[in-house]
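Please open the structure in your viewer and keep the selection tool at hand. The tour below goes from one selection to the next and says what is there at each stop.

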Amino acid sequence: MIKRLLVFVPLLLGASEDFITHDEYGQMLYTNPRGVSCSQCHGDKGEGRVIVTFKDVDGKKKVIKGSDIRQENLSAMISSVNSYHKIMPRYYLTDEEVKAIYDYLQKKNEKYLAKFKESGSSK
Ligand code: HEC
């Protein structure tokens with residue numbers, strides 16, 4: 001049993017490097033691009049999430065949120081990722097890499113986005 005496993009492990013490791021789909025590549029970049037994950041601030045699907053809550057000097061509750069980026073188009077996403085923001089780090093990702101993230105989010109949110117397409121076409 002153990003002998004069998006030992007034979008399989010290197011095969012599996014090799015396979016995961018060689019056969020990575022466009023979708024997996026997008027997921028990898030979205031969840032761990034250059035060490036700072038988009039999902040940490042924008043949620044698993046790009047729906048946005050609370051990054052931190054705190055009380056300001058007057059004791060008022062403050063919330064910092066990563067925005068909902070599910071409806072962001074590709075060119076807006078490319079320019080956002082490549083520019084400076086107050087909270088979001090600037091990434092040096094190529095257009096191809098941002099496209100992989102974009103495609104990944106489009107696919108993950110297929111159902112959610114379809115709702116908007118339907119209501120848009122009923123004009
Ligand atoms: C540290 C938290 C953080 C991380 C990590 C992060 N973002 Fe953001 N992002 C934000 C916040 C907050 C905004 C809203 C604008 C601002 O204040 O920076 C934003 C804005 C954006 C926007 C523009 C939409 C808008 O509401 O203005 C896009 C597109 C975007 N992020 C995509 C990404 C992608 C893709 C990644 C990963 C490569 C990423 N972000 C990583 C926090 C983050």
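This is a predicted model: local features need pLDDT of at least 70, side-chain atom pairs count only at pLDDT 80 or more; totals for chains, interfaces and linings use all residues.

**The ligand.** Begin by selecting the ligand together with the 19 residues around it, among which Cys38, Cys41, His42, Ser67 and Met88 come nearest.

**Arg70.** Next, select Arg70, which you will find in the loop that runs between strand E2 (61-66) and helix H4 (74-81). Is Arg70 buried or exposed? Arg70 counts as buried because its relative accessibility is 17%, and the cut-off for buried is under 20%. If you show side chains here, that of Arg70 makes a polar contact with the side chain of Asp68 at 2.8 Å and another with the side chain of Tyr112 at 3.3 Å. Leaving aside the neighbours within four places in sequence, the residues in contact with Arg70 include Lys45, Gly46, Glu47 and Gln106, as well as Asn109 and Leu113.

**The surface patch.** Finally, select Ile51, Val52, Phe54 and Ile87, which make a nonpolar surface patch of about 310 Å². Within this selection, turn to Phe54, which is found in strand E1 (residues 49-55) and is partly exposed, with a relative accessible area of 36%.

How values were computed: Residues are numbered from 1 along each chain as its sequence is written. Side-chain values use heavy atoms; hydrogens and water are left out. Patches are made of residues with over 30% relative accessible area and no salt bridge: like charges are joined within 9 Å, nonpolar side chains (Val, Leu, Ile, Met, Phe, Trp, Tyr) within 5 Å. Accessible areas come from the Shrake-Rupley method with a 1.4 Å probe; for residues, only the protein chains shown count as cover. A salt bridge is a side-chain nitrogen of Lys or Arg within 4 Å of a carboxyl oxygen of Asp or Glu. Helices (H or I, at least four residues) and strands (E, at least two) are DSSP runs, numbered from the N terminus. Buried means under 20% relative accessible area, exposed over 50%, partly exposed in between (1.4 Å probe, protein chains only). A residue is near a molecule or strand if one of its heavy atoms lies within 4 Å of it. A polar contact is a pair of N or O atoms within 3.5 Å; within protein, one must be able to donate a hydrogen and the other to accept it, and residues adjacent in sequence count only if both atoms are side-chain atoms. Contact means heavy atoms within 4.5 Å.
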